[in-house]
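Hi everyone, thanks for making time this morning. I'd like to walk you through some helix packing, so let me put the structure up on the screen.

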Amino acid sequence: MENKKPKIILTGDRPTGKLHVGHYVGSLKRRVELQNSGEFDKIFIMIADAQALTDNADNPAKIRDNIMEVALDYLSVGLDPAKSNIFIQSHVAELTELTFYYMNLVTVSRLQRNPTVKAEIQMRNFETSIPMGFFNYPISQAADITAFKATTVPVGEDQLPMLEQTKEIVHKFNAVYGETLVDPEILLPSNKACLRLPGIDGKAKMSKSLGNCIYLSESEADVKKKVMSMFTDPDHIRIEDPGKLEGNTVFTYLDAFSNEGHFAEYLPEYANLDELKDHYKRGGLGDVKVKKFLNNVLQEELSPIRARRAEYEKNIEGVYEILKKGSEVAAETAAQTLSEVKAAMKINYFDDPAFLEEQIQKFNE
Ligand code: TRP
């Protein structure tokens with residue numbers, strides 16, 4: 001049989017809060033599809049608690065509290081522990097060791113130019129006092145990806161600079177120490193509306209502190225309440241008024257979530273989203289009707305997730321075992337890569353019989 005390079009996925013999330021519908025369309029849904037495609041030899045899904053601590057050093061309780069929440073979110077969207085290895089980053093010590101070696105291959109000014117890091121430094125008011133661990137997290141992310149020999153990293157577009165940084169580290173490492181690390185590819189969501197789903201207030205980013213998220217674990221009633229309060233077109237006052245689609249959150253969500261089947265089921269007077277949009281632009285279509293439709297669409301997507309979550313919540317010990325086992329498997333995999341890295345760097349003294357021979361000769365000449 002031909003020796004084909006295995007296809008491996010690595011991706012993950014920081015456990016700083018429950019996951020929301022932005023995570024779902026931006027990444028989770030795709031992961032489940034990729035998992036079920038059968039095209040991948042291995043899939044690793046990481047709860048990035050060590051990375052979350054880089055900007056939450058003073059709040060470890062927050063990270064601890066969200067480990068199980070994120071695990072439940074993963075399982076409830078359909079990640080299957082029989083196919084996807086779910087693990088906790090801090091329990092794979094090899095990642096830290098890899099980070100330490102990769103740090104030698106990256107300059108401070110290169111990190112300073114990383115646009116995601118730049119934006120986050122501003123957002124967190126870190127300008128004058130950037131924690132070293134935070135500054136370094138793009139390098140640790142390269143360790144996460146390469147430790148599992150990932151070929152494919154499905155993430156949101158905000159992670160693009162991290163992937164570029166990782167690829168640079170891979171190229172540099174391989175150039176200096178010989179072909180060792182696997183060059184990964186990023187996989188972005190194909191639907192534009194899914195790249196960055198706005199909050200229900202129309203603000204560009206969904207964030208817990210802004211209170212503008214719809215969570216995957218939210219009740220049916222709360223989802224409905226949030227949909228009915230969504231930001232639309234502030235100038236669309238009377239039903240007859242022509243409405244605007246740009247910046248209209250309800251339509252952005254429909255772009256991300258709806259399909260023709262939903263129209264047939266819940267709004268058969270329109271064949272598809274284009275017809276609905278045309279009517280809205282012309283005038284004569286009220287926000288409430290569009291919101292009710294969006295609510296139906298969202299509930300259809302979220303109700304199986306809610307049901308699966310309820311099942312897993314009854315078996316927290318089982319979820320704990322999944323994480324524990326997953327972390328053990330991940331550590332074994334990363335240990336293998338680490339030993340290859342050390343061999344490439346020629347610091348594998350005790351696994352390398354040539355080392356002792358060399359030294360004996362050197363001192364007995
Ligand atoms: N940075 C990612 C986030 O903010 C989490 C993460 C850590 C990650 N390491 C990764 C994602 C490696 C993909 C690959 O959610």
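Let's start with H1 and H12: H1 passes H12 in a left-handed crossing. Do keep in mind, as we go, that this is a predicted model. H1 covers residues 21-37 and H12 covers residues 249-257, and their axes come within 11 Å, crossing at roughly 40 degrees. With angles under 35 degrees counted as roughly parallel, H1 and H12 are therefore oblique to each other.

Which residues meet there? From H1 we have Val21, Tyr24 and Val25, and they meet Tyr253, Ala256 and Phe257 of H12. By class, that contact has six nonpolar residues, with no polar and no charged ones.

Now let me step back to the domains for a moment. The chain is divided into domain 1, which takes in 8-196 and 316-361, and domain 2, which runs over 220-312. The contact involves 17 residues from domain 1 and 11 residues from domain 2. How far apart are the C-alpha centres of the two domains? They lie 35 Å apart. Between them, domain 1 and domain 2 bury about 1,300 Å², and 61% of that is on carbon and sulfur atoms.

Next, please find H15, residues 287-313, and look at H3, residues 60-77. Their axes come within 8 Å and cross at roughly 125 degrees. That angle makes H3 oblique to H15. As for handedness, the crossing of H3 and H15 is right-handed. On the H3 side you'll see Glu69, Leu72, Asp73, Leu75, Ser76 and Val77, and these meet Ile305, Arg308, Arg309, Tyr312 and Glu313 in H15. Sorted by class, the residues of this contact are five nonpolar, one polar and five charged.

Stay with H15, if you would, and bring in H11, residues 220-228. H11 and H15 pack at an angle of about 150 degrees, and their axes are 9 Å apart. Since angles over 145 degrees count as roughly antiparallel, H11 is roughly antiparallel to H15. The crossing of H11 and H15 is right-handed. H11 brings Glu220, Val223, Lys224, Val227 and Met228 to this contact. The H15 residues they meet include Val288, Lys291, Leu294, Leu298, Leu302 and Arg306. In the contact of H11 with H15 there are seven nonpolar, two polar and five charged residues.

So, a quick recap before we open up the discussion. H1 and H12 cross in a left-handed way, H3 crosses H15 in a right-handed way, and H11 crosses H15 in a right-handed way.

Terms used:
Residues are numbered from 1 along each chain as its sequence is written. This is a predicted model: local features need pLDDT of at least 70, side-chain atom pairs count only at pLDDT 80 or more; totals for chains, interfaces and linings use all residues. Side-chain values use heavy atoms; hydrogens and water are left out. Axes are lines fitted to C-alpha atoms, for helices over the stretch in contact, and angles run from 0 to 180 degrees between N-to-C directions. Helices (H or I, at least four residues) and strands (E, at least two) are DSSP runs, numbered from the N terminus. Angles under 35 degrees count as roughly parallel, over 145 as roughly antiparallel, 65 to 115 as roughly perpendicular and the rest as oblique. A crossing is left-handed if the near helix is turned anticlockwise from the far one by less than a right angle, and right-handed if clockwise. Contact means heavy atoms within 4.5 Å. Ala, Val, Leu, Ile, Met, Phe, Trp, Tyr, Cys and Pro count as nonpolar, Asp, Glu, Lys and Arg as charged, and the others, Gly among them, as polar. Domain bounds come from an automatic or database domain assignment. Buried area is the accessible area (1.4 Å probe) that two parts lose on being put together, summed over both.
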